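I am opening my notebook on a structure that is new to me. I want the overall picture before I look at single residues.

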Amino acid sequence: MAHRLFQDADRDHDGHLALAEMLFLFQAFDQNDDGRITRQEFLHHVRQTEPDMVQWYDKLYNTFDMDGDHNLDLHDYIHLYMETDPRNDNTVTEAAFIGYWTVLYQALLDMQPGSC
């Protein structure tokens with residue numbers, strides 16, 4: 001999934017994500033173009049593109065909502081971008097992107113009841 005997400009986001013296919021490419025993802029989720037993504041908008045997009053992943057993305061929404069205001073704003077996406085840029089050089093490699101998603105996925109699994 002992380003590989004596919006990276007490929008979709010890497011619009012110029014240069015093997016790196018620029019902040020502008022990450023913000024393009026933001027716009028895909030922001031259905032009414034009001035500069036914020038509600039949980040309903042977020043999950044609607046997921047149902048259209050990744051229907052088997054709705055429950056997982058519902059949990060991700062809380063992780064991405066850095067300030068807890070129940071909306072994903074540009075600052076939340078910029079923070080997400082910074083999290084995927086471990087070298088802090090304003091370019092995200094596919095390996096760094098997949099590494100971030102792997103850690104995030106594992107953390108969500110660890111939060112599941114009955115997980116070890």
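I start with a term: two residues are in contact when heavy atoms lie within 4.5 Å. The model is a predicted one, and I keep that in mind throughout.

**Entry 1: contacts along the chain.** I looked up how far apart the partners sit in sequence. Of the contacts with a separation of 6 or more, 49% join residues 24 or more positions apart.

**Entry 2: the elements.** I counted 6 helices and 4 strands in the protein. I then read off their order from the N terminus: α-β-α-β-α-α-β-α-β-α. The C-alpha trace spans about 40 × 35 × 25 Å along its principal axes.

Entry 3: The accessible surface comes to about 6,900 Å². Carbon and sulfur atoms hold 54% of that surface. For the side chains, I have 7 positive and 22 negative. The centres of these two sets are 6 Å apart.

**Entry 4: an annotated span.** I checked the UniProt record. An unreviewed entry there gives "domain: EF-hand" for residues 17–52. In the model, residues 17–52 are 61% helix and 8% strand. The end C-alpha atoms of the span lie 25 Å apart.

**Entry 5: Leu 72.** I went to strand β3, residues 72–73, where Leu 72 is found. Is Leu 72 buried or exposed? Its relative accessible area is 0%, so Leu 72 is buried. Beyond four places in sequence, Leu 72 touches several residues, among them Phe 26, Phe 42, Phe 64 and Tyr 77. I also took one distance. Leu 72 and Leu 23 are 49 residues apart in sequence, and their C-alpha atoms are 12 Å apart in space.

**Entry 6: Asn 71.** I moved to Asn 71, in the loop between α4 (54–64) and β3. Why does Asn 71 count as buried? The cut-off for buried is under 20% relative accessible area. Asn 71 has 14% relative accessibility, so it counts as buried. Leaving out neighbours within four places, I list its contacts as Arg 36, Ile 37, Thr 38, Tyr 61, Asp 65 and Asp 76. Arg 36, Ile 37, Tyr 61 and Asp 65 also touch Leu 72.

How values were computed
Residues numbered from 1 in each chain as written. Predicted model: local features only at pLDDT ≥ 70, side-chain atom pairs only at ≥ 80, totals over all residues. Heavy atoms only, no water. Helix = DSSP H or I, 4+ residues; strand = E, 2+ residues; numbered from the N terminus. Buried < 20%, exposed > 50% of the residue type's maximum accessible area, 1.4 Å probe, protein only. Areas by Shrake-Rupley, 256 points an atom, 1.4 Å probe, with all protein chains shown as cover. Lys, Arg positive; Asp, Glu negative; His and termini not counted. Charge placed at Lys NZ, Arg CZ, Asp CG, Glu CD. UniProt positions renumbered as here; feature names shortened; annotations may be inferred.
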